[in-house]
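Here is a short walk through a two-chain model, written to be read with the viewer open.

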Amino acid sequence: MQGRADVAVLVLDQVSRDFGGLRAVDRVSLQVARGERRAIIGPNGAGKTTLFNLITGELAVTSGRVFLFGQDVTALPTQRRAALGLGRTYQITRIFPTFTVRENVLLAAMGLQPIKFALHRPLLSNGPIWRRTDEVLERVGLTHRAETPARALSHGEQRQLELAIALAGDPRLLLLDEPGAGLSPVERQLLYALIQSLPRTLTVILIEHDMDLALGLADRVTCLHYGRVIAEDTPDCISKNEMVQQIYLGSG
Amino acid sequence: MSIRWRKRAGIALALLAGAAIPYVAPPVYVNLASEILIFGLLAMSIDLLLGYTGLVPLGHAAIFGVAAYVVAYLNARMGLSHTVAIPAGILGALIVSGVFGLLAVRTAGLYFMLITLAEGMLVWGLAYRWTSVTGSENGIGGITRPEFLILPWQFYYAVLVLFAVCAWMLHRIAHSPFGLTLRGIRDNEARMPMLGYNVTLHKFLAFLISGGFAGIAGAAYALYNRFVSPATVEFARSAEGVLMVILGGSGTLIGALLGSGLILLTRNVISLYTDRWLIVMGTLFVLVILFMPDGLLRGLERGVHRLRVAVSHLRFLGSLLRPIRSPTTAKEPAGEVPVPTRHETP
């Protein structure tokens, strides 16, 4: 385990989280290698989103330790973890509704840059932050909507923006919490093609309900049930796994 | 580009109108104009928190008042010159807002309001009880003005310049990258840490900047009024500042000046005619909230827009009445008419 720790982008060591008497995440240990595409599947209430919140520090762990890029971050606040290169999207869209699309991405792009404290000058359209914003808008296909207020976007576009915000800070590890939530099948395919096209230098962990999508994208799949890891394997093996089938087909 | 120039023309026109006041108004109203500008500046400093950061401070008159008290004490009691007293007053406001900010910015919403309210009451209590320094209810009188600012019009021009410079600075701050982070906190505080922002730090800096400008206003008030008392720092003043922002339109900065003007004008002018001026003021508030729920500034903008639309509709109707030369020419103006949609209210 120690041998792999310097290769692994994320290591969870016996991580648990209680909500009162309920143990939402139960001694989860996990290793994700650099450049890996990892899917996390599991039925509703399996603790997938809670697990993400423990990784980002938006929730504190009850016990266990979290390592990011080989560093123990268990005690670090969320913004310090973001500064290490962690980004995420949310299952329920969390954009800045009164901002334009461009402002949304600008705000995200300067989150780790000292320019965020600049009081005296406006954001210049030829500065590096602005260029980064254009790049990200181009990637997610929102360039033509750059000056639209975010609240006026369609749901599908808001999901694209959600991804753009997460990408803007140029993370090394990206957590995607059901990126396709609420999308039509066609929109979902497009979004997944987009995720597929992300560079391999970026490690992606993805929560997804749709087994076909999750299995098509991932190198490895982790299945959670009642807060526990019940299986972790390649997509082929996981789809043949008896326990996973039981959970998903409802006989368990 | 044309919008930009129209804005610049508007600012130039407003400054000209401001500069003309001493030529057309009697000294009493020149003084009132000074007061409107000073409280407009206080309200603008509140707007940085209220309109841009989404925090409602209920103790800003206390920060304003600390600056006024420090200037009063150093100038009137200790006989120090203005070059010492005024910077010391602003520094005092900065220190107090630093301490208050540390306590307040970890909270949000109602709790932020309550903590700042309590902080304001603390200062008010001190002003009342620390008699040896503040003179309790008697306050501190005898504040002098520099020789070149004694006459109402002299002082007014100084305040006008001060206000314009501060308004420009606040505008720059509100539209800087840092200002964008403040609006981000207002819009979606929960998303900010994941983008790398230390929300508490940004709120604290906003509080400090806001407190600094409130302090500038407070120092100017000490010279304007030449007298400070616990009434300067009381809660009603803080609440009035918030009211000015809401009336004028939060998140606009300059709306705060309209709010300040409305409140101080009604108080000072209508009270000449009737003792029941509070009824008039209350009615005015209700009317503004009913018909311009996002404040005077945006309400007036909307009014102008509607007027334009109405005029273009009338022109269109007029063109229909004209004898028809050919079907295409009769319809032509329709292309230029703004579509008569209702203006969106957020």
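This is a predicted model: local features need pLDDT of at least 70, side-chain atom pairs count only at pLDDT 80 or more; totals for chains, interfaces and linings use all residues.

Strands of a sheet pair through backbone hydrogen bonds, in either a parallel or an antiparallel way. Both kinds turn up in chain A, as these strand pairs show.

| Strand pair | Sense | Bridges | One bridge or facing pair |
|---|---|---|---|
| β3 (37–41) and β9 of chain A | parallel | four bridges | Ala39(A) with Val221(A) |
| β9 and β10 (228–233) of chain A | antiparallel | five bridges | Leu224(A) with Val229(A) |

Strand β9 (residues 220–225) of chain A deserves a look of its own. Is it mostly enclosed or open? Five of its six residues are buried, so β9(A) is largely enclosed by the rest of the structure. On one hand it pairs with β3(A) in the parallel sense, and on the other it runs antiparallel to β10(A). The hairpin of β9(A) and β10(A) has two residues between the strands, and Tyr226(A) takes a positive phi near 50 degrees there.

Now for the helices. Helix α4 (residues 101–109) and helix α5 (residues 128–140) of chain A pack with their axes 9 Å apart, at an angle of about 120 degrees. The two helices are therefore oblique to each other, and α4(A) passes α5(A) in a right-handed crossing. Which residues meet here? From α4(A) come Arg102(A), Val105(A), Leu106(A) and Ala109(A), and they meet Ile129(A), Arg132(A), Thr133(A), Val136(A) and Leu137(A) in α5(A). By class, this contact has six nonpolar residues, one polar and two charged.

How many residues of α4(A) are buried? Nine of the nine are, so this helix is largely enclosed by the rest of the structure. Among the buried residues are the charged-side-chain pair Arg102(A) and Glu103(A), along with Asn104(A) and Leu107(A). The cover over α4(A) includes α5 and α6 (155–168) of chain A, and α8 of chain B contributes as well.

That brings us to the partner chain. Chain B has 15 helices and two strands, and its C-alpha atoms fill a box of roughly 85 × 55 × 40 Å along the principal axes. Of the 346 residues in chain B, 45% are buried. Among its contacts between residues at least 6 apart in sequence, 75% join residues at least 24 apart.

Where the chains touch, 19 residues come from chain B and 29 residues from chain A. On the chain B side, α7 (152–174) and α8 (177–188) each supply at least two residues. The largest share, seven residues, comes from α8(B). That side of chain B divides into nine nonpolar, seven polar and three charged residues.

Note on methods. Residues are numbered from 1 along each chain as its sequence is written. Chains are lettered from A and ligands numbered from 1 in the order in which they are written. A residue is buried if 20 or more other C-beta atoms lie within 10 Å of its own, exposed if 12 or fewer, and partly exposed in between; C-beta atoms are placed from the backbone. Two residues are in contact if their C-beta atoms, placed from the backbone, lie within 7 Å. Two strands pair if DSSP finds at least two bridges between them. Axes are lines fitted to C-alpha atoms, for helices over the stretch in contact, and angles run from 0 to 180 degrees between N-to-C directions. Angles under 35 degrees count as roughly parallel, over 145 as roughly antiparallel, 65 to 115 as roughly perpendicular and the rest as oblique. A crossing is left-handed if the near helix is turned anticlockwise from the far one by less than a right angle, and right-handed if clockwise.
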